Amino acid sequence: MREYHVYKKTARSIPFMRANSPANCDVQPTESNFKTCQKIILMCIAVLLFLTGCGQKEVPVYQQDEDGILLTVLAGQSTSDAGIEDMIDEVLAEEYPNVKLQWECVDWGEKFNSQMQGRFAAGDIPDIMIGKAQDVQAYAHTGNLSVLPKDYTDRIRAEALKAVTVDGTVYGMPYNAWYQGVIYNKEIFRKYNLKVPETQKELNDIIKVLKENGVTPFASHFRESWKVGNMTMQFFMNEIFSSTPEWGDRFRQGGVNFADSPVIRRCLSYNKMILDASWQDALLIDQFESDSRFTQGQAAMYLTGSWSMQFTSQYNENMELGIFPFPNENGNARLIRETNMTFMKSSKTKHSELINDIFSTLLTSEKLEREILDFTQTASVVKGVEPASRSRIQDDIDRYEKDGKVVEVSLGNSQFVWSFQNDLAAQQLLWLQGEKTLDEILAYADREREESAY
């Protein structure tokens, strides 16, 4: 629990003038003069009070206890987000010194979904929730998220605003965005005369060349289920949802299945392909180890997101990197954008107006926005705001954006909620470890189809 100081507004002090002091008047202290002096003093005080009220900046008054206002915050954080809460506290302390944010930061991939559902069930809803745009899609229909004012929408880029809009209504304030695909070492590609692949055949040819030259094709880590879940959704996006955006709805209606779908089978097989093209201990290492090895040039490619740039920028600032979409079967894959940090307000909070003002401050503080963008290596979704430093993969990102070859991942996340994705990923790990067959994983997904939507 962080230390905070309670702000108490005090009236501007006014010098006290003693009524029985002759020094305050230029006449003798007779009874008549004394009454005249009293009237003059009272008139002066009235004028001073009036001028004081007119000259003072109006301070919003919010419902509070004598110790100030406490707002509870549940923040689902990705691996590179830890620390942004201190940046936010610092900015808000200047404008809202009587407000304290009580932070509860949890791992977004492992705990945020269960925390949200548990809080909703118990009626213990945090005043502020910070998740991803896909959480808005998942939880807006529960009635626990508040509609946000329309004056926010003018500052948010259209593609990010769409990701937090449900049935024409905005339920979240997006703040930044990731890009997902294959980050690659341009030096290694030049050394072996490799070109960015667009088809699966071209990718397989690259893997073959790298292996023949003793180079590990893919940096990867399979110890955490979230990683497998993230990669699987990248495959789903470009193999399924880009062309059939309602596939998940059809799946829940029984119109399609995992077990008899060749494209689903192909998507899951890509995880096995990457594992076979990675280090022998890829099933045992975590993200930190995988990032470290990639930064040291021990692999040519890394199917990941721009969050990995945070580590790379810190430990090898001279590494020349690019990014491309993981190729699909048809050769028309697009780079994936994920509207990431998204602020949501409880529909049950007692401090709705205050939270609106806080959100407005966060949205208009360009200094805070740039600080968070640079720290997390993310892109801005706020109009007119760009990071202070340019990411090494930004040129490639800009080109894909310009060519219209970017797709928002909320398209797929609205069809399969994260809890289903993560559960399926955990089952895939059993398959990749040799404990289950792929057919068993596909059959499992079909049995759990009702859990694929909130």
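E320 is placed in the loop between α12 (308-315) and β10 (321-324); helices (H or I, at least four residues) and strands (E, at least two) are DSSP runs numbered from the N terminus. The model is predicted, so that local features need pLDDT of at least 70 and side-chain atom pairs count only at pLDDT 80 or more, whereas totals for chains, interfaces and linings use all residues. Residues are numbered from 1 along each chain as its sequence is written, and side-chain values use heavy atoms, with hydrogens and water left out.

E320 is partly exposed, with a relative accessible area of 32%; buried denotes under 20% relative accessible area, exposed over 50%, and partly exposed the range in between (1.4 Å probe, protein chains only). Not counting residues up to four places away in sequence, E320 touches Y184, N185, K186, E187 and R190, where contact means heavy atoms within 4.5 Å. Although E320 and Y184 are 136 residues apart in sequence, their C-alpha atoms are 8.6 Å apart in space. The side chains of E320 and R190 are joined by a polar contact of 2.7 Å. A polar contact is a pair of N or O atoms within 3.5 Å; within protein, one must be able to donate a hydrogen and the other to accept it, and residues adjacent in sequence count only if both atoms are side-chain atoms.

Helix α7 (residues 200-212) comprises 13 residues and reaches 18 Å from its first C-alpha to its last, close to the 18 Å expected at 1.5 Å a residue; the expected span is 1.5 Å times one less than the number of residues. The buried residues of α7 are Q200, L203, I206, I207 and L210. Seen down the axis of α7, these residues fall within an arc of 120° and therefore line one face of the helix, the arc being that of the directions from the helix axis to the C-beta atoms. The buried residues of α7 pack against α6 (186-191), β8 (218-219), α10 (262-276) and β9 (301-305). On the other side of α7, K201, K208 and E212 are exposed. G214, which follows α7, has a positive phi, near 75°.

Most residues other than glycine have a negative phi. N193, in the loop between α6 and α7, is not a glycine, yet its phi is positive, at about 55°. N193 is exposed, with a relative accessible area of 66%. D167, in the loop between β4 (165-166) and β5 (169-170), is likewise not a glycine and has a positive phi of about 50°. D167 is exposed, with a relative accessible area of 70%.
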